[in-house]
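Welcome, and please open the structure in your viewer. We will go from stop to stop, with something to select at each one.

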Amino acid sequence: MKIIVMGAGVIGVTTAWYLAEQGHEVEVIDRQPGVGLETSFANAGQVSPGYSTPWAMPGLPLKAMRWMLEKHAPLVVRAAAVNMPMLRFMTQLLTNCTHHAYDINKSRMLRIAEYSRDCQAELRRSTGITYDDGQKGLIQLFRTDKQIEHAHEDMRLLEESGVAHELLGMDDVLKYEPGLAGARQILKGGLRLPGDESGDAYLFTQRLAAMAAEKGVSFRFRTEIEAIEAASDAIYGIRTSAGRLTADAYVLALGSYSPRLLKPIELDLPVYPVKGYSLTAPITDESRVPTSTVNDETYKVAMTRLGDRIRIGGTAELTGWRLKLSQDRRETLELSFNDMFGGADLSRARYWTGLRPCTPDGTPVIGPSGRYSNLWLNTGHGTLGWTMACGSGRILADRISGKRTDIPSLDLSLDRYTS
């Protein structure tokens, strides 16, 4: 079967890889000059199934109100960018801020993320792919006793999902991350997730795309996808800057831009861009940087070792599709890192921003479009596209090929918002 994948980020490329492995003829279309040049380019570097948590959680409304008064808040809403799509997303997000919804959403996210981590490990074994990867776990760092109390609630769900974890005092935290010694006075402890990993998503996407090309996958770059052409129950082509392209099936993996293509064909995809930022800085002192990856729970900032570099990523900003870099957000990343470590030259850091495609319940949309028999969706991964990429690609390839998926997947489709 000939399949067109729209989008050459980490989600689109992993989907193309697994489809090609199952014998399909695959073409990947993207407006950029290469793979992984948008949201996949400089994310936080974490493959973190154990840290898979929806933004929509009990207590978020009160936290959000407090954060509006803080300069270094982890969530920022730009008033000038408020419009109906943003208000709708925020309303849907708030309806998921119940204990019942949180338990369902987090359990579902853990299911995908754990499976994806296992798929990625198998991919490393079978291909030998490397990407500044590490398998040393993640530590979520707590500055307050209240954060530790909340961690106990998450530990219950981790236990139910079979995810390895351990709550650590500072002595044990420092055994894993001795570079935190200077921050001991501001930290209360941490939650270690030994099954979590790290790696450069851009490097992974580049190398996997090269291997996919060797399998016969074709890539068409610098090509704008202008519209999806649909009949009553099927897609019959896509209109692009290179002309009209056709296939037997189509996969939409365009992240935050996916809803724009679906709206004209009357599909309502609840995905909204949540802007994130990162710094990538050279290491100057090996003793004062993370050995693996840590998360500052207060500022929601991730700090990850990628070879001879440190990636500092985080914050969530609701500002539409604007890609302007914010000096305030940079200061938040620098503040968090300097509180914890200090062994990197932030003056030489590369500052970057990208749009995370978020759903109100935190779970991506993976599966059939519903209305159109040959249109499939793989989008809405939020901050966890890198974490969930391999599993999402494998799930979708299995479904398109008519195979039974390794994990339950019916509740990942778009129809969970309409049923």
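Predicted model: local features only at pLDDT ≥ 70, side-chain atom pairs only at ≥ 80, totals over all residues.

Which residues are closest to the centre of the second largest pocket? Select Ala 64, Leu 75, Val 77, Leu 93 and Leu 318, and you have them, out of 36 lining residues.

Helices α2 (60–67), α3 (84–95) and α9 (327–340), together with strands β4 (75–77) and β17 (309–318), each supply at least two residues. Look at α2 in particular: with five residues, α2 gives the most to the lining.

Now colour the lining by residue class. You will find 24 nonpolar residues, along with six polar and six charged ones.

Is Thr 293 buried or exposed? Its relative accessible area is 0%, so Thr 293 counts as buried, the cut-off being under 20%.

Show the side chains here, and look for the polar contact of 2.6 Å between Thr 293 and Gln 46. Then widen the selection to what else surrounds Thr 293. Beyond its neighbours within four places in sequence, the residues in contact with Thr 293 include Gly 137, Leu 138 and Ile 139, as well as Glu 177, Glu 197, Met 303 and Thr 304.

Methods:
Residues numbered from 1 in each chain as written. Heavy atoms only, no water. 1 Å grid on protein atoms, 1.4 Å probe; cavity = no way out; pocket = protein on both sides within 12 Å on 5 of 7 lines; lining within 4 Å. Helix = DSSP H or I, 4+ residues; strand = E, 2+ residues; numbered from the N terminus. Nonpolar A, V, L, I, M, F, W, Y, C, P; charged D, E, K, R; others polar. Buried < 20%, exposed > 50% of the residue type's maximum accessible area, 1.4 Å probe, protein only. Polar contact = N/O pair within 3.5 Å; in protein donor to acceptor, adjacent residues only side chain to side chain. Contact = heavy atoms within 4.5 Å.
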